[in-house]
Amino acid sequence: MNRTIASRVAAIAAAAALVATAAGCGNDDDQAAPATTAAISSSTAPPSSTPAPSAVQDLGSEVAFTSDGFALRVTVQGFDPAAAPDAPAPPGGGHWAAAEVRTCVDTAPSQTTVNWSPWSVLDTTDGRYPASDLTYNQFPLPEYPFGSEPVNVGECVRGWVVFPVADGAVINRVRYAPNESVVTTWNVANAAPPVDVPYTTSVEPEPTAVEQPAPPASGGVAAVGQPCSSPSSVGVDVNTGDDIVCVFMGSGGGNVWVQTAPIVGVNNVGESCNDGDNVSRTPDGKAIMCVQGKWTYGP
């Protein structure tokens, strides 16, 4: 039911500066999707408008790259130093940080695809942290294409790229380096954390009454098939009274309320459970399931 994406990438190939062909990839439910090779073309000549490798751009500044008939514009629009607190911790320890990035394709002689692999963050001691090679449904949305996904000429794509960062590290730069000829960084030292605006829907007003607010989109009373904003949140179907869970249905489906097995009791992630146990919830209302004798986020 719930998409918890958690499998390692075998290898993330180095990407080159502007685009060539590569197949996109999606995320399977309950498993981490591997990142695929970025499809940005390999031209040895530096793009004509590429900034010097040492240049540090201001947050929100758009940088243009042109070469061999390709013209792209890339921007870092926001940064969150403590992203996805509800997601499982990085495999090597630490915590998650995230950068909101945007890529626009102005011209291209062949298909353009983008993914996470050219991106990394740097701390105040020049420590470098590449983009995560796995993704979880607790990561911020919209998500920048994780595997190689096409972007048509005249289109832009925007979303969050997530990075595993050591505890105590102070991140001050986001780095874009699709190949050795293109290296650009943005200063995020003074970036304000993003504001979490909950998703809401409109409701038709009752006759001769004041318009009523919509049911909350994450938690509370809703209905199967309605959109929601917080994956793994537990709710109650307004029509049947059954338990429902907010599940990420992929980049084309968004977050949607779906039916679930009965949710029993309150438990904490990491506590022991019996293999016969089904679905429970955390004290803050997130759905969890028993996997190999321990409660973990799901289903």
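Is glutamate 62 buried, partly exposed or exposed? Select the residue: glutamate 62 is partly exposed, with a relative accessible area of 42%. In these terms, buried means under 20% relative accessible area, exposed means over 50%, and partly exposed lies in between (1.4 Å probe, protein chains only).

Two remarks on the model are needed before the next selection. This is a predicted model, in which local features need pLDDT of at least 70 and side-chain atom pairs count only at pLDDT 80 or more, while totals for chains, interfaces and linings use all residues. Residues are numbered from 1 along each chain as its sequence is written, and side-chain values use heavy atoms, with hydrogens and water left out.

**Stop 1: salt bridges**

A salt bridge is a side-chain nitrogen of Lys or Arg within 4 Å of a carboxyl oxygen of Asp or Glu. By this rule, the count comes to five salt bridges. Arginine 73 is partly exposed, with a relative accessible area of 24%.

Next, select glutamate 100 and arginine 158. These two residues form a salt bridge whose closest N and O atoms are 2.4 Å apart. The pair links distant parts of the chain: glutamate 100 belongs to strand E6 (residues 95-107) and arginine 158 to strand E11 (residues 156-165), 58 residues apart. Strands (E, at least two residues) and helices (H or I, at least four) are DSSP runs, numbered from the N terminus. Glutamate 100 is buried, at 14% relative accessible area, whereas arginine 158 is partly exposed, at 38%.

Then move to arginine 173 and aspartate 126, a salt bridge with its closest N and O atoms 2.8 Å apart. Arginine 173 is in strand E12 (residues 171-179), and aspartate 126 is in the loop between strand E8 (119-123) and strand E9 (128-130). Arginine 173 is buried, with a relative accessible area of 19%; aspartate 126 counts as exposed, at 53%.

To end this stop, select Glu62, Arg73, Arg102 and Asp106, which salt bridges with shared partners join into one network.

**Stop 2: aromatic rings**

How many aromatic pairs does the structure hold? There are seven. Rings of Phe, Tyr and Trp (its six-membered ring) pair if their centres lie within 6.5 Å; planes under 30 degrees apart count as stacked, over 60 as edge-to-face and the rest as tilted.

Select tryptophan 119 and tryptophan 186. They form a tilted pair, 6.0 Å centre to centre, with 35 degrees between the planes. Tryptophan 119 lies in strand E8 and tryptophan 186 in strand E13 (residues 182-187), so the pair ties together parts that are 67 residues apart in sequence. Both tryptophan 119 and tryptophan 186 are buried.

**Stop 3: a sheet**

Finally, display strands E18, E19, E20 and E21, four strands that form an open sheet in that order, with mixed pairing. The edge strands, each pairing on one side only, are E18 (263-266) and E21 (294-297). Two strands pair if DSSP finds at least two bridges between them.

Within this sheet, select strand E19 (residues 279-281) and strand E20 (residues 287-291), which pair in the antiparallel sense over three bridges. For arginine 281, the bridge partner in E20 is alanine 287.
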